[in-house]
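Hi,

Here is the structure I said I'd pass on.

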Amino acid sequence: MKLFLKHTAIISALTLIFLTFSGCTAKPAEGSTFAMGSLVTSKIYTKDKEKAAEIIGVINDAVSTADKALSDTNPDSDIYRLNHDGKIFTSEFLINAMMDTVMTCNILERSVDISIGKISSLWGFNTESPSLPDAAEIKKHTENADIEQIFIDEKLKKIEIPDTIALDMGAFGKGIACDLIFDSIKSYGKPVLVSFGGTVFAYGAGPKDGKWTVAIRDPLGDSSSVFAVMSLSPIDPKGAVFVSTSGCYEKNFTQNNVTYHHILDPKTGYPVENNLLGVTVITASGLDADALSTACFVNGYNEETLACLKNFSAEAVFIFKDKTYAYTEGLKDCFTLKENTYSEMK
């Protein structure tokens, strides 16, 4: 078993913006595709056009593989079939991804929990008409949610779940996909940037002094407004950096003068209530970045959350509803505030 230790909006459809670089030696080749309800964009920094086109094809193939395994809305995907049939025989890729995911849910003490699929379906955030569910239904499915009920047979490549639960891969899927993309393109040795919804990764030396400039959206502004930028170096030994954001400001609805957002607390079945607008996590794994951004939002800004980030060798930026912010020590020299209506938390 491969172990990865380790939505959500940052900027518009691309969620994270890698800003224009001065001094670039070549304009990157660009590609795009669509999966898991999100636009996937890629940039390849090489003057070799044929090689760039080949890498873009490899990226799109990896995205397709991940979508067919992990999507809970694609009828052709393994997770979709598992949720409807209760049992699947699947690929080594999904077996490994599921084992890593279940382990991470346990490490994070169910602050993220993929067994809440029936709860998230009640809310309907991925539909055209989300609404407040019946309290009794929320209670029932919250009590039934249990990652220990996910049975994975590594030898037979089989996964089974009871009909009392369904899987929601929203806190993991795009991060796992980015890990697969990284594994697929690293042998080419070309700098690559991929944006997949709320998760982004960059491989190799960035085009500005070897670093990648990443902008975080202002959660209280429009889709093009920038809260801050970070100048990020690839993280050894992978030579890549993964960034993911979870926030309460994109997928939400208002009913009876109350606004509900899509980040659910697995322990209650209701949207998380705290003083956070968004959390951005930076680390060396897509799975970790994706899961940790959700877990940090669910758990809030406190000593336990900071200790968890440290255990995963991750850094993070927290944006609060009172227009203050905080970031971890490792970002001290690479974080620049752009929206001066915010102030650093004292």
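**The hairpin**

Glu30 stands opposite Lys43 in β3. The model is predicted, so to speak of local features we need pLDDT of at least 70 and side-chain atom pairs count only at pLDDT 80 or more, while totals for chains, interfaces and linings use all residues. Residues are numbered from 1 along each chain as its sequence is written, and side-chain values use heavy atoms, with hydrogens and water left out.

Strands β2 (residues 29–35) and β3 (residues 38–44) run antiparallel, joined by 7 bridges. Strands count as paired when DSSP finds at least two bridges between them; helices (H or I, at least four residues) and strands (E, at least two) are DSSP runs, numbered from the N terminus. The hairpin has 2 residues between its strands, and Met36 takes a positive phi near 50° there.

**Ile114**

Ile114 is in the loop between α3 (92–107) and α4 (117–123). Ile114 counts as buried because its relative accessibility is 0% (buried is under 20% relative accessible area, exposed over 50%, partly exposed in between; 1.4 Å probe, protein chains only). Beyond its neighbours within four places in sequence, its contacts (heavy atoms within 4.5 Å) include Met98, Ile147, Leu167 and Phe172. Met98 is 16 residues away in sequence, with 9.7 Å between the C-alpha atoms.

**Two helices**

In α6, residues including Gly173, Lys174 and Asp179 meet Gly286, Leu287 and Asp290 of α7.

Cheers
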